[in-house]
Structure formats: structure tokens, C-alpha cells
Amino acid sequence: MTLWFALLGAAAALAVAVMVTWSVVGRAIWLEPIQGDVELTQMGIALSISLCIPWCQLKGANIIVDFFTQKLATPTIRRLDGFGALMLAIMYALLAWRTSVGAVSVMEAYESTMILGLPMWWSYAALAPGLGLACLVALVQAWMHFAQLDPTRLEGSAA
């Protein structure tokens, strides 16, 4: 599942890149950029990032500082890694919850983008699924660390 989310995120980023390129070329050649290109870029890149976070979490691609822990015993390192994964899961859960609440709030206020008039709640709501999946991945990783299992086994699965 994380792979599919990441591929959708990559497709969104690619679409934004093509749109920005077309807008810049249009501005340079025809003096006519794509209307609302900045709005679409902001929404598209936010979507792309949120969809790629679960894959990043699954692969353990977050930045870690292990300078102080590298000489500790393996079980101790696993407990610390489990605690870190648990803290990330809590953070992802809070972000997913608050973006969902924000989406509802913005939808009820009928907020829209300035140029295109797109509903703003779309961009908020699009963040929640990626953050929710990242939370689930981090919870499974935390459990695996605490159970002294190798969380890299998840990478080969269809997670």
C-alpha cells in the first residue's frame, strides 16, 4: 500500500513539474502563464509529500542521529527505536486528525483559493490519508522493535 501511495505522490509531483514548466514557457513565449499555477503547485506538492511519507517511514528513511547510541546493546537500541517509532506514530496521528478537522472547518467556512476559486478543504483532506497510513506503519514498526523483531522485514511485504 505504501508503494502505491508513493507512486501516486510521485505522479502528483511530476504533474506539478510539467504544469510549472508549461507555465514558465507560456509566460516567456506567449506572455500567458497558467492561471493559478502557484495555487496548484502548493496543493500538488502538499499532496505529493503526504503520500510519500508512509513509504519513507516504511524504509526507515527518516533522519536519525545515532552518535550516542551506536555502541549500545542491540536490545537497547531496538527499545529506543521502538520509542522513536511510537513518537512518530503519535505525531502522524495528531497531524492526520488535525488536518481532517481543519478540512471540515475550512469546508464549513466555504474558503476557496484566490485565483481559481478551488475549495481549500480539498488540500487539507488530501493530507489525511497519507498521514494516517504513515501512523499505521510507524505503529507496526514500534511493535516490531519492542517485540525484538526485525522491522526491515516489512519492506519486502506489500505493506
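## Two phenylalanines out in the open

Phenylalanine 67 and phenylalanine 68 are both exposed (exposed means over 50% relative accessible area, buried under 20% and partly exposed in between, with a 1.4 Å probe and protein chains only). Their ring centres sit 5.1 Å apart with planes at 80°, so this pair counts as edge-to-face. For rings of Phe, Tyr and Trp (its six-membered ring), a pair needs centres within 6.5 Å; planes under 30 degrees apart are stacked, over 60 edge-to-face, and the rest tilted.

Before going on: this is a predicted model, where local features need pLDDT of at least 70 and side-chain atom pairs count only at pLDDT 80 or more, while totals for chains, interfaces and linings use all residues. Residues are numbered from 1 along each chain as its sequence is written, and side-chain values use heavy atoms, with hydrogens and water left out.

## Tryptophans and a charge

The structure has 2 aromatic pairs.

Another ring, that of tryptophan 97, has arginine 98 over its face, 4.8 Å from the ring centre (the rule asks for NZ of Lys or CZ of Arg within 6 Å of the ring centre and within 35 degrees of the ring normal).

## The largest pocket

Now for the open spaces. A pocket is an open set of points on a 1 Å grid over the protein atoms alone, where a 1.4 Å probe fits, with protein on both sides within 12 Å along at least five of seven lines; lining residues have an atom within 4 Å of a point. The largest one holds about 650 Å³, a volume being the space filled by probe spheres set on the points. It is lined by 25 residues, and Gly60, Ile64, Asp81, Ala85 and His145 come closest to its centre.

Helices α2 (37-59), α3 (74-108) and α4 (121-146) each give two or more residues to this lining, and α3 has the largest share, with 8. (Helices are DSSP runs of H or I, at least four residues, numbered from the N terminus.) By class, the lining has 10 nonpolar, 9 polar and 6 charged residues; Asp, Glu, Lys and Arg count as charged, Ala, Val, Leu, Ile, Met, Phe, Trp, Tyr, Cys and Pro as nonpolar, and the others, Gly among them, as polar.
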